[in-house]
Amino acid sequence: MDGPFYPLALPLSNTPPLLLSCPRNLYLAFRLPRQTRLRSLLCLASSSVSSGIKDSAIELEDRKFELLTAVTDTKRGLIATTHQRSSIEEALINVESLDAGKPLDLRILDGTWRLQYTSAPDVLILLQSAAALPFFEVDQIFQKFECGDKSGHGIVRNVVKWSIPRLLEEQEGATLVVSAKFSVVSSRNIYLEFEEISIQNVNISEELQALIAPSILPRSFFSLQILQFIRSFKAQFPVRNNSQRRSVGGLYYLSYLDSNMLLGRAVGGGGVFVFTRAQSLIDLT
């Protein structure tokens, strides 16, 4: 028989004893007819789940914001102090913990990512050289994943935009590309097999163009050929292990991935990486 819900043991007051500590909305739901009561409880459960998902999303964005705030003003890790590195590592782990155990989604990984911070020695040496040498500048550093048919294999390109003041254009003077094949070997690890280092997309400065082919004089066939050669110049060097004549490789642990953030750790103490989504690089081959 449908009707108000009452426990077997009647209380001294008018409130059922089992509901004394329940929220008012839940208590009122039990006082409704059975069908209405079920609908009310389902609505409460759905509202609770939606609220939990919303809270999780807010917490994730807060943790990502804290990480990006921590790496700010470190010049991508170049001038990070010991205290800053400790704070960054803590913030990094806080983000990673919310994505632990989930397999990689190659559809999300595919694309271009901009470096915001690293502790990798090989990258920091590059940044240190640019800071110390007046004739060498490093602009943006990217990591571009080409996941192909999403079968667990693809290509990753580490891209460094660099320049030489007065000789090459600022920021877009030339591009250094380190290419590697990758294969997914576990839910979070990929194996990199480095293949080639290339220098491409050389853009000389207006000063150098004027020196090669002055604008006040007719440009000869020879001077135009020089300009064309520089613009189309591309130097390629294979990456090999000298002792075994095999490609150099290593494991790369992608510890966090979503639509706008990628975190990675080079296995074996090679450092950590913080990337954010960037516009696609379409001029690489």
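This is a predicted model: local features need pLDDT of at least 70, side-chain atom pairs count only at pLDDT 80 or more; totals for chains, interfaces and linings use all residues.
Local features rest on pLDDT of at least 70 and side-chain atom pairs on pLDDT 80 or more, whereas totals for chains, interfaces and linings use all residues. Residues are numbered from 1 along each chain as its sequence is written, and side-chain values use heavy atoms, with hydrogens and water left out.

Helices (H or I, at least four residues) and strands (E, at least two) are DSSP runs numbered from the N terminus. Strand β9 (272-277) is largely enclosed by the rest of the structure, because five of its six residues are buried (under 20% relative accessible area, with exposed over 50% and partly exposed in between; 1.4 Å probe, protein chains only). Strands count as paired if DSSP finds at least two bridges between them. Strand β1 (residues 111-118) runs antiparallel to β9 and is joined to β9 by five bridges, with Leu115 opposite Phe275. Five bridges also join β8 to β9, again in antiparallel fashion, and here Leu263 faces Val274. The hairpin of β8 and β9 has five residues between the strands, and Gly268 adopts a positive phi near 100 degrees there. Val267, in the loop between β8 and β9, is partly exposed at 46% relative accessibility.

Strand β9 also contributes at least two residues to the lining of the largest pocket, as do α5, β2, β3, β4, β5 and β7. A pocket is an open set of points on a 1 Å grid over the protein atoms alone, where a 1.4 Å probe fits, with protein on both sides within 12 Å along at least five of seven lines; lining residues have an atom within 4 Å of a point. The largest pocket holds about 670 Å³ of space. Of its 26 lining residues, Asp122, Val123, Asn158, Phe194 and Phe273 lie nearest the centre. The most is given by β7, with four residues.

The structure contains 11 salt bridges (a side-chain nitrogen of Lys or Arg within 4 Å of a carboxyl oxygen of Asp or Glu). Glu89 and Arg265 form one of them, at 2.8 Å from N to O. Glu89 belongs to helix α3 and Arg265 to strand β8, so this pair ties together parts 176 residues apart in sequence. Asp99 and Arg188 meet at 2.5 Å, N to O. This contact connects the loop between α3 and α4 with the loop between β4 and β5. Asp99 is buried, with a relative accessible area of 6%, and Arg188 is buried at 5%.

Key. Grid points are joined across faces, edges and corners, and a volume is the space filled by probe spheres set on the points.
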